[in-house]
Amino acid sequence: MGRFLGAVLAVAAAAGALVLAHVAGAPTTVVFALGAGVLSLLWLTLLLTLPWNLCFRAHAVLAEIAVSREKGMEISEARDAEAARIARVMFRSAVAGHVVTAAVVLAVTWATGAFTGYWFAAFFLLSTFFRPAGAYFGQLRRRLGTLLKEVTYPRDDVVELRARLDRAETGTRVLEEKAEEQYEALAELRRTVDALALSTHDRADATDRRLAALGREFESTVNRLTDNQEIIAGVKAFLRLLRTDDLGGGGTTPASG
């Protein structure tokens with residue numbers, strides 16, 4: 001579209017120059033030739049822009065449909081038929097435009113006897129190959145760019161994937177070492193708790209034995225101090241009661257008394 005606007009501006013400038021030449025008193029044949037050249041340039045711009053653009057766009061749609069199907073997308077066959085029909089019609093219209101324009105220029109040249117028209121007719125016929133050739137080289141350039149991306153980006157992805165895998169392996173190794181350290185610390189803590197529980201149990205047994213010995217010693221002392229059997233029996237019963245409560249709270253068996 002930018003090239004088309006530029007051509008229109010160029011034609012407008014040429015038309016302005018033609019008007020100035022006519023106002024300045026240039027010969028009629030010269031003004032007529034300049035006018036024909038301006039119109040020919042404008043018409044050539046239209047021929048090289050509108051139908052060819054639509055034709056190449058339709059071919060691009062066909063190429064994209066093929067790529068989408070290679071990737072597993074389901075696309076209706078009607079889309080291919082429609083795009084192919086548009087491409088075919090636009091191609092025929094563009095070629096017909098060039099041929100008809102050349103024929104008209106030849107007829108006008110033959111009628112007027114101006115030799116310059118033959119050059120215009122040959123140029124219109126030759127311009128038929130301008131856009132297809134430019135589109136072909138443009139398509140080659142785009143295809144090479146696509147191939148370059150396909151052979152470069154996967155390589156970069158593989159390198160990045162390997163780097164991520166190395167980082168993941170390093171992190172896994174560190175986690176395994178930390179887990180092993182935690183297991184060792186937990187085992188040591190269990191051993192410490194077991195040793196503390198055993199020591200506490202031994203201390204409780206020793207305390208029960210000392211209490212029982214003190215009770216027996218106290219009974220013996222009381223027997224030596226008094227002959228009152230009722231007092232002695234009451235004190236003994238009280239001591240047995242205390243000893244039974246202590247043994248029950250310490251978690252030991254009554255046999256230790």
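## Confidence first

pLDDT is the predictor's own confidence in each residue, on a scale from 0 to 100. You are looking at a predicted model, where local features need pLDDT of at least 70, side-chain atom pairs count only at pLDDT 80 or more, and totals for chains, interfaces and linings use all residues. Residues are numbered from 1 along each chain as its sequence is written, and side-chain values use heavy atoms, leaving out hydrogens and water.

The protein's mean pLDDT is 75, with 72% of its residues at 70 or more. Helix α1 (residues 2-23) has the lowest confidence, with a mean of 55, while α3 has the highest, at 86. Over residues 250-257 the pLDDT is below 50, and this stretch has 13 contacts in the model beyond near neighbours in sequence; a contact here means heavy atoms within 4.5 Å.

What is the secondary structure made of? It comes to six helices and zero strands. Both are DSSP runs numbered from the N terminus: helices are H or I with at least four residues, strands are E with at least two.

## Inside and outside

Buried residues make up 19% of the 257 in the protein. Buried means under 20% relative accessible area, exposed means over 50%, and partly exposed is in between (1.4 Å probe, protein chains only). His-98, in helix α3 (residues 77-112), is a buried one, with a relative accessible area of 0%. Leaving aside neighbours within four places in sequence, His-98 has contacts that include Leu-44, Trp-52, Phe-124 and Thr-128.

Out on the surface, Phe-123, Leu-126, Phe-129 and Phe-130 form a nonpolar patch with about 420 Å² of accessible area together. Areas come from the Shrake-Rupley method with a 1.4 Å probe, and for residues only the protein chains shown count as cover. Patch members have over 30% relative accessible area and no salt bridge; nonpolar side chains (Val, Leu, Ile, Met, Phe, Trp, Tyr) are joined within 5 Å, like charges within 9 Å. Phe-130 sits in helix α5 (residues 130-225) and is partly exposed at 38%.

## Salt bridges

There are three salt bridges, each a side-chain nitrogen of Lys or Arg within 4 Å of a carboxyl oxygen of Asp or Glu. Arg-69 pairs with Asp-80 (2.5 Å, N to O). Asp-80 lies in helix α3 and Arg-69 in helix α2 (residues 28-70), so this pair ties together parts 11 residues apart in sequence. Arg-69 also bridges to Glu-77, at 3.7 Å between the closest N and O atoms.

Arg-191 and Glu-188 meet at 2.4 Å, N to O. They are three residues apart in helix α5, so about one helical turn separates them.
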